[in-house]
Every structure is written in structure tokens, then in C-alpha cells.
Amino acid sequence: MAFFLEVLIGGLMAGVMYSLVALGFVLIFKASGVFNFAQGAMVLFAGLFFVGFTELGVPMWLALLLTVGVMVLLAGVIERLVLRHLVNQEGIILFMATIGVSFFLDGFGQLIWGSNVRQLDIGIPTDPIFLMDGEILIQSFDLWAALVAGTLLAALVVFQKTRTGRALRAVADDHQAAQSVGIPLNVIWIIVWAIAGLVALVAGVMWGSKLGVQPAIVSLALKALPVLILGGFTSIPGAILGGLIIGAGEKLAEVYIGPLFGGGIENWFAYVLALGFLLIRPQGLFGEKLIERV
Amino acid sequence: MLYRESGQYKTTYGADQAIFTIPQDRVFFALLMLVAFVGIPLVATNYVYTALLIPFLCLSLAALGLNILTGYCGQLSLGTGAFMGVGAVAAWNLATRVPDLNLVVIFILAGLVTAAVGMFFGLPSLRIKGFYLAVATLAAQFFLPWLFVKWGWLTNHAASGVITVPPLTLLGWSIDTPMEKYLFALGVVAILALGAKNMIRSNPGRQWMAIRDMDIAAEIIGIRPVVAKLTAFAVSSFYIGVAGALYLFVYLGSAEPDGFGINLSFQALFMIIIGGLGSILGSFLGAFFILLLPIFLTRVPPMLGFDLSTALVSHLEFMVFGALIVFFLIVEPHGLARLWQITKEKLRVWPFPY
């Protein structure tokens, strides 16, 4: 039982990390209908800049501030150079464009900062914590990650209530209607991408201090896709809950079912889980029900 | 002036339904085939065959398969790499386990196996669409390579996990030099491309396109989405499977089965975007472009006197790749095939602007 709980908690904590990436996807998809494949690359990009700045001897808070600046700038550039020219294109074209952006960021970040694994230590304690008379072991880092994710979520929820947040939701609801009541679409898109950039920064710092900042983060971020499917593309709580389910599910599966197949099922279990789920509920856990008309 | 339809009357339905309705196109295509089958073998070196032409043929066949699914039927797929792997592994197993099986039969059976697997992974498309489906096909992309590694029987329990292709013979013709391999691949690709072209022009292709354009409307006018979508998955996977088998047999020679990864899927996707979604010609143009780009990027800077490190080149390659894709999508979302079409339209009225 204790072992089960330990695996479960470990999985949930890993799930929090997936959720962090998935959050960025959801924000952009909600506000602009763009399926942002570049979110994973943005996580690496932000992580690389942050760790790069700190290695140059910049104090941590300044590095954070500078990276925030970089991500906001990036949002502006993406809007100006990519999205603005692709207004009114089909979803698939926009999706492909973000794949292009993803490749570009991947190459650009590594061009500047190199592709070695960089250790990132932001002072989060990594001591193990023992619960239930030492039967369950939890990394205190994971607890911190959960705390950070929780804070981020709370901040996003509060943000939704602000004036800008309301404008974002209006744009998400209906581009044309939002524009006709005087909400500037271009500005909103920059804001959304900037926020997604900030979420990517948080995810990049957390992933980075757990695994080191390395190019493999991009492919790890692909795990956020089944999370999205499970939670629904348009739901922020869905992204969190989906992440938790996927994280816990794949760890439990790896431990309890994995040995039957010779292990290593962690790589695909999340996708199959999401796939099975889709067959029952095509719009995801919290997704909006799709109503189609001819 | 040279290229125009006016004055070319058709008096039979047959003439009207031909693939190339005007003689200029027929002559052009005949010349192209002549160059491909006769001209290139006369001049090409082994390097050109192995580094350029053979991978080009294999990958353009894969792109063609993906284009049938994504470009014509509108079902976004990120599982191309895995399906190529299925074709390759199936063909390898047939070639090593069944003695004296005709090479053509091997390829057809490998394609059929892949078609079955593709149909299975296409089942979710009946319930879900768009990006949800793309993620669903990722399940295939991660699951299948894992299966190749874990299920030892598939690789005949090779200790290193590497499968090596036996010598190829077709009806007594032993295919071992690069030129022969090229000709064999060219033959396979030419036949399958012709098949695809005809399928697109006839009933199945039109059903796929109707589903792509609006599935509900298509259903209402009497197209069965189940049949249309699953045939698209089956045909597309058949092509991709044969492409995978070719890729292993003719190009790689030996491979690790988990090498058929997600990068290959993305590569195929880029090929059809840059080449043109919903265009047979586009699959070839896109494959050519995507294959040439890295070669170009690694060769040109040294020629211009820049000495770049390999790491730098590989990062630059990523950047240029990404930037080009965005650029293409902005300038011409319909790809290189559309540019070709525009050229033809310009030629029609040349030398006048309109």
C-alpha cells in the first residue's frame, strides 16, 4: 500500500510538470484557436535563456526579469512575423506554422547557448521527505513544483477576472464579435503569446532544475499533448487534471503493468490512455461540446 | 505561346478524361520519364544515387501516402514514421522467413500488413477529427517502435536489434549496384504514383475530398464516412508501408527498427506542406526540397568561404528549416505544386500579362 501511494504521488508530481506545459497550449488555443506546437520549444528556449543568463553571472532575479523580457519580445516577434500574415488561414496551416516556429526556436536557442546539458540550481531543496513512518518517500522538489503550479494556476484564474483577461476570453469566444466591440486582436495575441511564454519560462525553470536544461525537454513536452486530449483543448482546469491523471496513470502502469510487457511502456502509455479516453468522450474531460452545422 | 489549350478540341470522352489532356503535358511528362529511366542512369554517380536519388524516391513515396490521407482526405497524421517502420519490418520478416518469395510479392504483402495496421489506428478518426486525431496518431508513433524493440520475434531476436536486408533479386535480376537499386525504386514509385493519380481522379478520391471539405455535407449526399476514411487510411498506409520497405531494402540496407521515429513523421509532413497538400506532384517536389535543403546547407557555406562547425550547421539547419516553413506557409500556403500551376497559367498567355 505504501509503495502504491509512493508511486501514485510520484506520478502525480510528474503530472504537474506536464500540466505546466499543457497550460501554455491551452492558453493559446483558447485565445487564438492556434494549436501551438512550439510550446515545448518555448519551454526549452526560456530555460536556455534563463540558465544562460545565470551562468554569465547575472543575479537570479535579474536573469528572470531578462528572460521575461525575452519571452515578451518573442511573443511580439511571432505575432508580427508569423501570425499577422496567417490571419484567416485554416487551423492546419497555423499548426504547421507553429511547427516551423518550434524548429526555429529549437535551433536558435541552441545556436546561442549550445546544446550541452546545463545544470540549473535555483535553490529549491531536493531532500527527500518521508511520510507514514518513513514508508513513503517524496522529493521535496516535487512538492515545490506542485506549489509553483498551484500559484501559477491561481494567478491565471485571477488574471481572467481582470480587464485584459476578460478581453482574452471575449476573443476566445468569437474573434469577430470581440473585434467589433473594439478589442484589438493583434495586441491580445501578443499578450496571449507573452503569457504562454511566461508559463513556458516557469515550466522551463522547473523542468530545468529537475533534469538539467537540455534539448530533450522538447520531446518530453510532447507528453503534454495527451494531457491536452484528456483535459480538453480549451480548459485550464482540464490541463491540470489531465496532467495529474496522465502522470499518475503512466507511473502506475509502468510499475504494475510494465513488467508484463518487458517495461518501457511509459513512452506510449499516456497516448494510448488518451486515445482510449477519446473514444468515449471526443471533446475531452472539460472540453466544449462540439456542435457542427452544415 | 507554346503552352496553351485553345484550339485543342476533344471529340471523345476518353480524350477528355485522360490524365494529361493536352499534348504539351504528354510530351513533357514523356521526356521526364525518359530522363528518369534512361538519362539519369547514363550520367549519375554512385554518390548521387545513394545520397540523393534513392532516398528521394523512398521518401516521396511516403509523402505521397501521407498526402492521400492528409491532403486528400483531411485526416492529419503524425504516425508516418511508425507506419514506414511497420512496412520495413514486415518486408524484412517476409524476406528472411519465407524463402524464394518474389520481391514484388514481398512489397505488396508488406504494404497490406501496413494497411491493416493503419486501418486499426485509423479507427479513432471515426469519432475524432483535426488535432485530436493528430495526437491520436502519435499513439501509433510511440507504440509501434516500442513494439519492434520489445517483441523479439519481429527482429528474429537479433542481439543488437539491427535488421540487415538479404541480397535482393527480382526474377533472376540481382539488384546490387546503386543504379539497379535506383531503377527498381523508380519502377515501384512510378507504378504506385500512377495508381494514386487514378485513384484520386475516380470515385474513392472524390469521396476522400468530399470528406475533407466538409464531412457532414459529404455524409448527407450519401458518402459513407466510415468507408471513405478507412479506405483513405488503408491506401495511405499501404503506400507508406511500401515506402518503408523500400527505404529499408534499397536505401538503408540495415536499420534499427526503432529508427523509424517521430522525426521521419515530421519530415514527411513538411514534405507535403511545402510540396502542396492535395497534390501528387507536390509530394515529389516537397520530398526533393526537404532532402536537398540539408545537403545545400552543409555544402554551400564552405564553398562561400565560411567555415562552420558541424554543431553550428545542424542548429542553423533547424533554424532555416523552421523559417522556411513559416515563409512558405505565408507566401504560398498551397505549396510548390501551386507555384507550378501558376507558372503554367502564366505560360498560357505568355508573352502577354493576361
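Student: Where in chain B is Ser77(B) found?
Tutor: Ser77(B) is in the loop between α3 and α4 (80-97) of chain B. Two notes on reading this: residues are numbered from 1 along each chain as its sequence is written, and chains are lettered from A and ligands numbered from 1 in the order in which they are written. This is a predicted model, in which local features need pLDDT of at least 70 and side-chain atom pairs count only at pLDDT 80 or more, while totals for chains, interfaces and linings use all residues. Helices (H or I, at least four residues) and strands (E, at least two) are DSSP runs, numbered from the N terminus.

Student: Why is Ser77(B) called buried?
Tutor: A residue is buried if 20 or more other C-beta atoms lie within 10 Å of its own, exposed if 12 or fewer, and partly exposed in between, with C-beta atoms placed from the backbone. Ser77(B) has 30 other C-beta atoms within 10 Å, so Ser77(B) is buried.

Student: Which residues does Ser77(B) touch, leaving out those up to four places away in sequence?
Tutor: Ser77(B) touches Leu66(B), Leu69(B), Thr70(B), Ala134(B) and Thr137(B). Touching, or contact, requires that the C-beta atoms of two residues, placed from the backbone, lie within 7 Å.

Student: What makes α3(B) roughly antiparallel to α10(B)?
Tutor: Helix α3 (residues 46-72) and helix α10 (residues 225-252) of chain B pack at an angle of about 170°, with their axes 7 Å apart. The axes are lines fitted to C-alpha atoms, for helices over the stretch in contact, and angles run from 0 to 180 degrees between N-to-C directions. Angles under 35 degrees count as roughly parallel, over 145 as roughly antiparallel, 65 to 115 as roughly perpendicular and the rest as oblique. The angle therefore makes α3(B) roughly antiparallel to α10(B).

Student: What kinds of residue make the contact of α3(B) with α10(B)?
Tutor: They divide into 20 nonpolar, two polar and no charged. Ala, Val, Leu, Ile, Met, Phe, Trp, Tyr, Cys and Pro count as nonpolar, Asp, Glu, Lys and Arg as charged, and the others, Gly among them, as polar. The contact includes Leu61(B) and Leu69(B) of α3(B), and Phe233(B) and Tyr239(B) of α10(B).

Student: How do you know that the radius of gyration of chain B agrees with a compact globule?
Tutor: The radius of gyration is taken over C-alpha atoms, and the globule rule is 2.2 Å times the number of residues to the power 0.38. For 354 residues a compact globule would have a value near 20 Å, and chain B has 21 Å, so the two agree. The C-alpha atoms of chain B fill a box of roughly 65 × 60 × 45 Å along the principal axes. Its secondary structure comes to 14 helices and four strands, and 42% of its residues are buried.

Student: What does chain A contain in the way of helices and strands?
Tutor: Chain A comes to 13 helices and two strands. Of its 294 residues, 47% are buried.

Student: Why is Gly69(A) called exposed?
Tutor: Gly69(A), in helix α3 (residues 60-81) of chain A, has 11 other C-beta atoms within 10 Å, so Gly69(A) is exposed.

Student: What makes Leu8(A) partly exposed?
Tutor: Leu8(A) has 17 C-beta neighbours inside 10 Å and therefore counts as partly exposed. Leu8(A) is found in helix α1 (residues 2-32) of chain A. Leaving out residues up to four places away in sequence, Leu8(A) touches Ala248(A) and Leu252(A).

Student: How do you know that the span of α2(A) is close to the expected one?
Tutor: The expected span of a helix is 1.5 Å times one less than its number of residues. Helix α2 (residues 39-55) of chain A has 17 residues and reaches 24 Å from its first C-alpha to its last, close to the expected 24 Å. Of its 17 residues, 16 are buried.

Student: How many residues of chain A are in contact with chain B?
Tutor: 40 residues of chain A are in contact with 34 residues of chain B. The largest share of the chain A side, 17 residues, comes from α4(A). That side divides into 27 nonpolar, 11 polar and two charged residues.
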